[in-house]
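Dear colleague,

I am passing this structure on to you, and below it I have set out what a look through it turned up. Please read the notes with the model open beside them.

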Amino acid sequence: MFDTESSTYTYLITDENSQEAVLIDPVATHIEQYITLLNEHELTLKYALETHVHADHITASGMLRERLAIKTGVSELCGTTTADIQLNDGDVLTIGDKTINVIATPGHTAGSVSFLYNDRIFTGDTLLINGCGRTDFQGGSAEMLFESITNKIFTLADDTLVYPGHDYNGRCVSSVVQEKSINPRLAGKTKEEFIVMMNSLDLPMPKLIDIAVPANRKCGLPEPEVVQG
Ligand SMILES: [Fe+2]
């Protein structure tokens, strides 16, 4: 599913036998769409997972937990203390008899992870189609991003499908070999060249960063009201 406001992709993975399902990077404004879709297909949502704490939209994960009694999962390194599952590299989540592997891919943010499901990897903002996430806030590091992409994602089988967290040009899927071959930020680039290029991007801050990041550190839910006296 696609959020046109932030150009965010949200992914639904299901296991057809158990009818269990996972949402990756759900967006708050689309919660009714997700619930309708789950109901239409008679799916039981088990997890709402985040590839990282987003700066450009508010997550639906906390609201999904309130509505559907699911578990939310965010990297331990994101500081989202209210998440039910603090994800770590190597963790394995299950829906029915299917597995989703958590791969730490820091760089866009310190707590960024990717999710590997069969021959598909959901890369969040670590690796985009013909691009990659910026590295200039939330503990980002161009050096770490280069290591994550080249040592973790590019060592997967060439025909692994790459599903990014965003696309701003209408594309929805790529592959490891495609990104290795033609991604202009990475193909043929040394780590030093990549770091210089990333550190000179000089991008404007995301409009929602001051609202989205604190909210997403609480699974997208507002601060509980403090009752005085
Ligand atoms: Fe991001």
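How many cavities of 30 Å³ or more does the structure hold? The structure holds 1 such cavity, where a cavity is, on a 1 Å grid over the protein atoms alone, a set of points where a 1.4 Å probe fits but cannot get out, whereas a pocket is an open set with protein on both sides within 12 Å along at least five of seven lines, and lining residues have an atom within 4 Å of a point.

Before the details, please note that this is a predicted model, in which local features need pLDDT of at least 70 and side-chain atom pairs count only at pLDDT 80 or more, while totals for chains, interfaces and linings use all residues. Residues are numbered from 1 along each chain as its sequence is written, and side-chain values use heavy atoms, with hydrogens and water left out.

Cavity and pocket

The largest cavity has a volume of about 40 Å³, a volume being the space filled by probe spheres set on the grid points, which are joined across faces, edges and corners. Its lining is made up of Glu50, His52, Val53, His54, Thr59, Ser61, Val74, Thr80, Asn216 and Cys219, which by class gives 3 nonpolar, 6 polar and 1 charged residues; here Ala, Val, Leu, Ile, Met, Phe, Trp, Tyr, Cys and Pro count as nonpolar, Asp, Glu, Lys and Arg as charged, and the others, Gly among them, as polar. The largest pocket holds about 830 Å³ of space, and of the 35 residues that line this pocket, Ser6, Asp56, His166, Tyr168 and Pro206 are the closest to its centre. The lining of the largest pocket divides into 15 nonpolar, 11 polar and 9 charged residues.

Iron site

His52, which is in the lining of the largest cavity, is also one of the protein donors of the iron ion, together with His108 and Asp125. The donor atoms are NE2 of His52, NE2 of His108 and OD of Asp125, and they lie 2.1 to 2.3 Å from the iron ion (donors are N, O and S atoms within 2.8 Å of the metal, or 3.2 Å for Na, K and Ca; water is not among the atoms, so sites may look incomplete). Along the sequence, the spacing of the donor residues is H-x55-H-x16-D. His52 lies in the loop between β5 (44–49) and α2 (61–68), and His108 in the loop between β9 (98–104) and β10 (113–117), so the pair ties together parts that are 56 residues apart in sequence; helices (H or I, at least four residues) and strands (E, at least two) are DSSP runs, numbered from the N terminus. Both His52 and His108 are buried, with buried meaning under 20% relative accessible area, exposed over 50%, and partly exposed in between (1.4 Å probe, protein chains only).

Cysteines

How many disulfides does a search of the whole structure find? The search finds 0 disulfides, a disulfide being a pair of cysteine sulfur atoms within 2.5 Å. For Cys132, the nearest cysteine sulfur is that of Cys78, 18 Å away, and for Cys219 the nearest is again that of Cys78, 10 Å away. Cys132 counts as buried because its relative accessibility is 5%, and Cys219 counts as buried at 1%.

Salt bridges

The whole structure contains 12 salt bridges, each a side-chain nitrogen of Lys or Arg within 4 Å of a carboxyl oxygen of Asp or Glu. In one of them Lys191 pairs with Glu147, the closest N and O atoms being 2.6 Å apart; Lys191 lies in helix α5 (residues 191–199) and Glu147 in helix α3 (residues 142–153), so this pair ties together parts that are 44 residues apart in sequence. Lys180 and Asp158 also meet in a salt bridge, at 2.8 Å from N to O, and this pair links helix α4 (residues 176–182), where Lys180 lies, with the loop between α3 and β14 (161–164), where Asp158 lies, 22 residues apart. Arg171 and Asp167 form a further salt bridge at 3.1 Å, N to O, in which Arg171 is partly exposed at 29% relative accessibility, whereas Asp167 is buried at 3%. Asp15, Asp97 and Lys98 are linked in a network of salt bridges.

Backbone

Asp25, in the loop between β4 (20–24) and α1 (31–40), has a positive phi near 55° although it is a residue other than glycine, and Asp25 is buried, with a relative accessible area of 2%.

With best wishes
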